[in-house]
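Take a walk through this structure with me.

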Amino acid sequence: MAIITADRERFPNTPWQLVETRHEPGVEGTLETLFALGNGHLGIRGAHWAAADSDLPGSFINGLHEIWDIKHAENAFGFARTGQRILYIPDANNFTLVIDGESLTLAESEVLDYRRSVDFATGVYECRITWQCRSGAVVTTTERRAVGFATRGALGISLEVATDREISVDVTSSVINRQDQPVEDHSVHDPRRAGRHAGRVLLPLRLDGGDGSLRLAWEAAESKQRVGVAVDHWTSAGHQPFDTLVDQDDSSVRYVLAVGPDEPFRLEKTVSYAAGAGIQDPSIDAAAVAETGLKPVADIFAESEAHYREHWATSDIVVSGGTPELQQAIRWNLFQLAQATARADVAGIPAKGVTGSGYEGHYFWDQEVYLLPYLTYTNPVGARRVLEFRHAMLPEAKIRAKELSVEGALFPWRTINGLEASAYYAAGTAQFHIAAAIAFATNRFVWATGDVAFRDSIGADLLIETARMWISLGFFGKDGMFHIHGVTGPDEYTAVVNDNLYTNVMARFNLRAAAALEHAGISQEERQLWEAAASRMQLPFDERMQVYSQDNDFMTLESWDWTTPRSKYPLLLHFHPLVIYRHQVLKQADTVLAMFLQWQDFTAEEKHRAFDFYDPLTTGDSTLSACVQGIMAAEVGYSREALEHFTNAVFIDLDDTHGNTIDGVHIASTGGVWSSLVCGFAGLRDQGPVPFFDPRLPAEWEGLTFHLKIRGRLLRVQLDAGSLTLAIQEGDPLEVDVRGKLVTVGAGPVRVGLAPVPVPESTVFPSGHPTASIPIVHANSAGPRPAA
């Protein structure tokens, strides 16, 4: 069921805001995700301040987690041992407001007017509600929130109460430990959703408060990670607190006063969190460390506004001639990217950012493939820090490699602390391609930034150790080809296969990139072995279909029953994995993703046939799929399909099309939206001799404008129906390839004319069961097989 697009009166088109003009019960949890705030380190869900009006409220700090021993029903050597789950930190966004004896809640009180918004241009959340109180008073409450950026652990909240007559106000501001509150474990019914801990997690270290101030600290029972919280309050009329209470689960500051129509009452709540390595020493007072980060609420708002003013100057993407709904949705997705990454510093990017507890707060391969393209070209300093974070996991990755009988480094499929946390190895550990994702992001970063120091240190370590993993995982077969068996590619509906095309293509890239390094740690024999494996890499190709096969056996699988009703999707919630694995059906783009990432290794005809064959088989049950399908549709020349896939991607969370946005934003999908615009419609391809553009602007759009930070320059890209205009706004001239034409771009705009892209005829494939007795289509009937 659509949410935002279904009711444009309730959620109007505003280019720089997400606005709700009418409260209706039913999707509170999803809207808490859509209205969340974050800075990559600290996140706060967009819940209403009253407990009765929230569904799944909470706040998070990136990387702050609890661990537990995974209990396998049937154990085996090398299975993941330690579960990890992001923690709900003690949450400061809680108020109880009583007016003339009436507790105001959306659920029980009469509302005359309602408007809440999150402003992409400033990062400020605001909710203004006008209440008709039972006492006869008309009261307007305005809550505003923002997270810090210069001070990444800071949160500022203000609550204003205005009235048309004299009223009695009783307001309580609370910090609630939600982690240890009883909540249903939704993961029992849906593995995509977050689980819960059975016992108490946060053990109090310090509980102090008085005169409107709170100094609190906890330690996780098993991981021993600590969090400190400092809270101060300020009121507009200098009112003293009526009461200050402290408790391990609910600490509060209460004000009781009279408010008249001439002077609204404003309560400001400044909050500072401290977490991480700096407070792990038992002799350090975590609450005292948090206290050093306290600053006036006005300063926190100013920080947020200044950050986004600078951010949007080079990170906005403008679609000319498109619908207002689409531009708003694009900006919301870009805003989520900024919120998930801006101040992550040396840390990973959780699959839900800091907007929810979905996927347990883990880091996956999508960090490197879907998010680092955006970071590399908009915030290269941030991209470097994420790669530094991966590099810090190398010791654990080397231990894990030995555990699975391979050399080099084997990075965990899903993790927070560097250890493998995926209990289902078939769709977890078997996805060895995460190694190539890290190598690919490393190589792209070096290519895009020219950071030689990074290349020769961290970059070399990551490329070399992953290459060593591939060469020991694979083998040279009797046919002389290099094979990689027993792996799972990005498509999790086809698991533990031999010679998955995506895996082999990306491993080949990894080996080539490592072999190209000039590094003292690489022997000549090792370099030659990498080069030989890359040149002899097995890439399954179906001669009959004239299509690269997703793996050695994919073309022999039984076709999925496509009369399966829509209510049975996603398939993973309705069919046993073995049922899905037996069939020719995809959860997400796999082979075509390989052709996008390794764009120079495949011909236009190969990409065309692959897209035509695999797109109808792809359910899109993964939120990572639509963006890739759209990018390849654009490259192939299917403009209508490209726009349809892109539109699906851009509204995945806004319309909750996958039914689990309640647990947080699908951050990788928002990264895919960025790539869809830049790599799909503008046609950027990188890691070649020079930046390459082959634009594919939809006929429905008049233009597309964005910036790229590349090799120390700021490149402005402006695309319209008949031309691509490039200009360097900062830095030296840059050579760029536009559809095979080399141009040198400087400060003055360079315009390159573009011929229309022809729409290809759809490829026709034999119908029926692939293993049935149907006429063989000879290779020469579809043209010669192009070389890979």
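The largest cavity has a volume of about 90 Å³. This comes from a predicted model, in which local features need pLDDT of at least 70, side-chain atom pairs count only at pLDDT 80 or more, and totals for chains, interfaces and linings use all residues. Residues are numbered from 1 along each chain as its sequence is written, and side-chain values use heavy atoms, with hydrogens and water left out.

What is a cavity here? On a 1 Å grid over the protein atoms alone, a cavity is a set of points where a 1.4 Å probe fits but cannot get out, and its lining residues have an atom within 4 Å of a point. Grid points are joined across faces, edges and corners, and the volume is the space filled by probe spheres set on the points. The whole structure holds nine cavities of 30 Å³ or more.

Helices (H or I, at least four residues) and strands (E, at least two) are DSSP runs, numbered from the N terminus. By type, the lining has ten nonpolar residues, two polar and one charged. Ala, Val, Leu, Ile, Met, Phe, Trp, Tyr, Cys and Pro count as nonpolar; Asp, Glu, Lys and Arg count as charged; the others, Gly among them, are polar.

Next comes helix H14, residues 604-614. Nine of its eleven residues are buried, so H14 is largely enclosed by the rest of the structure. Buried means under 20% relative accessible area, exposed over 50%, and partly exposed in between (1.4 Å probe, protein chains only). Among the buried residues of H14 are Glu606, Arg609, Phe611 and Tyr614. Their cover includes strands E24 (547-548) and E26 (583-584), along with H13, H15 and helix H16 (639-650).

Strand E19, residues 265-275, is also largely enclosed, because nine of its eleven residues are buried. Which strands pair with E19? Strand E12 (residues 154-163) runs antiparallel to E19 and is joined to it by eight bridges. Glycine 156 has threonine 270 of E19 as its bridge partner. Strand E16 (residues 226-235) is also antiparallel to E19, with nine bridges. There, valine 231 is partnered with valine 271. Two strands pair if DSSP finds at least two bridges between them.

Methionine 393 sits in the loop between helix H6 (380-392) and helix H7 (394-403). Is methionine 393 buried or exposed? It is buried, with a relative accessible area of 3%. Leaving out residues up to four places away in sequence, methionine 393 touches Tyr363, Phe411, Thr415, Ile416 and Gly418. Contact means heavy atoms within 4.5 Å.

Finally, the rings. The structure holds 30 aromatic pairs. Tyrosine 308 and phenylalanine 335 form a tilted one, 5.3 Å centre to centre with 45 degrees between the planes. Rings of Phe, Tyr and Trp (its six-membered ring) pair if their centres lie within 6.5 Å; planes under 30 degrees apart count as stacked, over 60 as edge-to-face and the rest as tilted. Both tyrosine 308 and phenylalanine 335 are buried. The ring centres of tyrosine 548 and phenylalanine 602 are 5.4 Å apart and their planes are at 85 degrees, so this pair is edge-to-face.

Methods: On a 1 Å grid over the protein atoms alone, a cavity is a set of points where a 1.4 Å probe fits but cannot get out, and a pocket is an open set with protein on both sides within 12 Å along at least five of seven lines; lining residues have an atom within 4 Å of a point.
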